[in-house]
Amino acid sequence: MIEFDFTNNGSILYDIEIQDHGAKIRFYGKNYKTNTEDHVIIENIYYKDLILPELFEYSTMSTDNKDYAELTNVNYISFNGIWEIKFTEDDLKKILKKKLS
Amino acid sequence: MKKIDNFFSKQDCEWFLWYNSILPETRDNGLRLQTMTHFAQPFFAKKLCDLHNRLPENEEITTLNINFDYGAGGIHSDGFLEHDKDDDIAHSYLIPIVVNPIDKYFTVIFDQISMEAITFNGEIGLGNKGITTYRQVTREDYGLSDEPFDKDVYDKYLTHLNYNSLKGLTVAHIHEWKLGSAMTWPRQNFHVSANFENKDTRASVLIVTRYK
């Protein structure tokens, strides 16, 4: 259904929960004292084999950093937390209409 | 003129129906609702690779569209158009993605050929229906003979056309539609949809290729 390309630079771990029109990814295990530079990049998003990086606009992330507790449109992960994406068929139609106009 | 069974799985058929539902534009060409798939767009690259993996290694896709037929088509070849006249044309692949199980559908392939994409639609009584980019020609333009067309084939498959307009054409093969199976023929061969009863019950994906 939905798939991702990841680049993991460091020791952050992640679990993916796939949903009908979205996904929830839990990033964890980063040690902020010893591994400050560790990060994960979500390089791309595929939905039903279509390559749709525009779906990042439908992503949010809640982190364990109080200064960056709630983020939107995220593909660079440097905090532990929950990254989530949710979209609808209408969102997909809008994306394709924009790409093809 | 071979048929490739299970070219598409049931999931593939459903995928194309879903993809059709999210594309912004479908056009009505008088015989079918046709959706261009924009297969050359970067967002389609993964699916295009998947489709190419199902084709012979020396062929590549030049046309890919989704068609919901509500009328039987006219006689045409899928040869080259002006913009791709230097292509080394290869094959047409017609893959049913929706069929009514109680109906039978056929596509008739003729022996006659044209390397250019042309149609006899005007000549056979369909006017401009079904025409988008193909050049209309007459029987005289093409040089069809006055040999009567096979009456049995006409009565069984092609009663939506004017019988006399088929003079000079001979049948190479008759494909029966089967969900997910690819019916193939060389692009230059004239072909036509057989008549069918229920006009809102079938859909297909058309893949047209050229040699690399």
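**Figure 1. Overall fold of chain A in the predicted model.** Among contacts in chain A between residues at least 6 apart in sequence, 54% join residues at least 24 apart, two residues being in contact if their C-beta atoms, placed from the backbone, lie within 7 Å. This is a predicted model, in which local features need pLDDT of at least 70 and side-chain atom pairs count only at pLDDT 80 or more, while totals for chains, interfaces and linings use all residues. Residues are numbered from 1 along each chain as its sequence is written, and chains are lettered from A and ligands numbered from 1 in the order in which they are written. Chain A has one helix and nine strands, arranged from the N terminus as β-β-β-β-β-β-β-β-β-α; helices (H or I, at least four residues) and strands (E, at least two) are DSSP runs, numbered from the N terminus. A compact globule of 101 residues would have a radius of gyration near 13 Å, and the 14 Å of chain A agrees with this, where the radius is taken over C-alpha atoms and the globule rule is 2.2 Å times the number of residues to the power 0.38. Along the principal axes, the C-alpha atoms of chain A fill a box of roughly 45 × 25 × 25 Å.

**Figure 2. Close-up of helix H1 of chain A.** The twelve residues of H1(A), residues 89–100, should span 16 Å at 1.5 Å a residue, and the end C-alpha atoms are 16 Å apart, which agrees; the expected span is 1.5 Å times one less than the number of residues. Leu92(A), Ile95(A) and Leu96(A) are buried in this helix, a residue being buried if 20 or more other C-beta atoms lie within 10 Å of its own, exposed if 12 or fewer, and partly exposed in between, with C-beta atoms placed from the backbone. Seen down the axis of H1(A), the buried residues fall within an arc of 95°, so they line one face of the helix; the arc is that of the directions from the helix axis to the C-beta atoms. The face turned away from the buried side carries the exposed residues Asp90(A) and Lys98(A).

**Figure 3. The side of chain A that touches chain B.** In this view, 13 residues of chain A are in contact with 14 residues of chain B. Strand S5 (50–51) and H1 of chain A each supply at least two residues of the touching side of chain A, and H1(A) gives the most, with seven residues. By class, this side has seven nonpolar, no polar and six charged residues, where Ala, Val, Leu, Ile, Met, Phe, Trp, Tyr, Cys and Pro count as nonpolar, Asp, Glu, Lys and Arg as charged, and the others, Gly among them, as polar. Helix H1 (10–22) of chain B is included in what covers the buried residues of H1(A). For the complex, the predictor gives an ipTM of 0.91 and a pTM of 0.92.

Figure 4. With 15 other C-beta atoms within 10 Å, Lys48(A) is partly exposed. Asn6(B) counts as exposed, with 12 C-beta neighbours inside 10 Å.
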